[in-house]
Amino acid sequence: AIVVSHFMMFLLLAVATNLALSCPEQYQDIGNGMCMPFANNGDVMHHTPSVNDTTASLLWLQAGGRGLDSAWSYDHGGYGLSQKQMGIAIKKSGLARSEIFMTTKIPCGENITAVKALVEYDLDQLALDYVDLLLIHHPGPPACYSAEQIALTYRVMQTYVESKQVKAIGVSNFKSSDLSALMSSENVTIVPAVNQIQLHIGDVDNETISKCKELGTVVEAYSPLGHPEQGGSPVYDLPQVKAIAAAHNVSGAQVALKYVTQLGFPFVTASPTLEYDKEDIDLFGFTLSDHEMSILNSITLK
């Protein structure tokens, strides 16, 4: 028997009726007919070394998550081969490849050959015919040293869109000025679909967000629960967040993630357990009021 998911039925219906694509509630439209899950799970090993990324990714997919996030640099940080482990999880999940949205990233390359080697490495480690979203990981050192090098890397990434080995391309950690420099570079013809940046309650870069909106680039949040490893507390421990969570009978983490998605931004987290997975995905049964959003918007943690 052929099992067709609700999401695939939605896509087939849109094609059959020649309708413009409008993404389901749990997805964000990132252009070019692509729907990106609001909830994505990233490299867990970096944060919880006792849990490998095959186990974490399988749990995420079993919980109903459909977005995974990795990077070339995660394979070279001493924690293990994140991309290879995620690729194994995708195969073991039994899900159709089209059901899973795979994001990965590369640093800048010194020349065309070097950039191609970075992309091919990612595809090979994931053991996938294509990735859904490929990002430049960071616009500065230790890998990117100039606007010209960033543009060269991006131009090579454009060729992978043409060959259909990459469905969409974008950037990560780019500020407004970085985006302007990239888009003014020669032969850069594809607007970044996504800019993945650090964003959470109390840390919202409105200047970069405004630039992304101007370009039609979707903002994606990483560290949506805060940066406790940098000495701060997780945002779900803030008294304002706890009070709102109690009012909705949800966890503080769910309020923090709902805040991000209600702004219209997908997020990537690093959940190591099935319990957390289910919480991170279960964000569409409640809505934060304008007053509650205003309270959260007033928090400053920078």
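Lys164 has a positive phi of about 70 degrees, although it is not a glycine. Most residues other than glycine have a negative phi. Lys164 is also exposed, with a relative accessible area of 67%. Here are the cut-offs: buried means under 20% relative accessible area, exposed means over 50%, and partly exposed is in between, with a 1.4 Å probe and protein chains only.

Before going on, a word on the model. It is a predicted model, where local features need pLDDT of at least 70 and side-chain atom pairs count only at pLDDT 80 or more, while totals for chains, interfaces and linings use all residues. Residues are numbered from 1 along each chain as its sequence is written, and side-chain values use heavy atoms, with hydrogens and water left out.

A second residue has a positive phi. Asn173, not a glycine either, has phi near 65 degrees. Asn173 sits in the loop between S7 and H6. Is Asn173 buried or exposed? Asn173 is buried, at 17% relative accessible area.

Now the whole protein. There are 11 helices and 10 strands. The C-alpha atoms fill a box of roughly 55 × 50 × 45 Å along the principal axes. For 302 residues, a compact globule would have a radius of gyration near 19 Å, and the protein agrees, with 19 Å. That radius is taken over C-alpha atoms, and the globule rule is 2.2 Å times the number of residues to the power 0.38. Buried residues make up 51% of the 302.

Next, the barrel. Eight strands form a closed barrel with parallel pairing, in the order S3-S4-S5-S6-S7-S8-S9-S10. From one strand to the next, the twist averages 30 degrees. Axes here are lines fitted to C-alpha atoms, for helices over the stretch in contact, and angles run from 0 to 180 degrees between N-to-C directions. Two strands pair if DSSP finds at least two bridges between them. Take S5, residues 101-106, and S6, residues 131-136: they pair in the parallel sense over four bridges. Ile106 stands opposite Ile136 in S6.

On to the cores. In soluble globular proteins, nonpolar side chains tend to be buried together. A nonpolar core here is a set of buried Ala, Val, Leu, Ile, Met, Phe, Trp, Tyr and Cys residues joined through side-chain atoms within 4.5 Å. Which residues touch the most other members of the largest core? They are Leu199, Ile201 and Leu296, out of 62 residues. Apart from that core lies another, of 10 residues, among them Leu133, Ala168, Ala193 and Val194. Back to Leu199: beyond its neighbours within four places in sequence, its contacts include Val204, Tyr222 and Phe265. Contact means heavy atoms within 4.5 Å.

Now salt bridges. How many does the structure hold? Four. The rule is a side-chain nitrogen of Lys or Arg within 4 Å of a carboxyl oxygen of Asp or Glu.

Lys105 forms one with Asp69, with the closest N and O atoms 2.5 Å apart. Lys105 lies in strand S5 and Asp69 in strand S4, so the pair ties together parts 36 residues apart in sequence. Both residues are buried.

Lys175 and Asp205 form another, at 3.2 Å from N to O. Each sits in a loop: Lys175 between S7 and H6, Asp205 between S8 and H7, 30 residues apart. Lys175 counts as partly exposed, at 47% relative accessibility. Asp205 counts as buried, at 15%.

Lys211 and Glu214 also meet in a salt bridge, at 3.1 Å. They are three residues apart in helix H7, so about one helical turn separates them. Lys211 is buried at 14% relative accessibility, whereas Glu214 is exposed at 60%.

Last stop: the loop between S6 and H5. Pro142 lies there. A cis peptide bond joins Pro141 and Pro142, with omega about 15 degrees. Most peptide bonds are trans. Cys144 lies in the loop between S6 and H5 too. Cys144 is buried, at 2% relative accessibility. Its contacts beyond four places in sequence include Cys108, Ile136 and His138. Where is Cys23 relative to Cys144? Their C-alpha atoms are separated by 34 Å, and the two are 121 residues apart along the chain.

Key
Helices (H or I, at least four residues) and strands (E, at least two) are DSSP runs, numbered from the N terminus.
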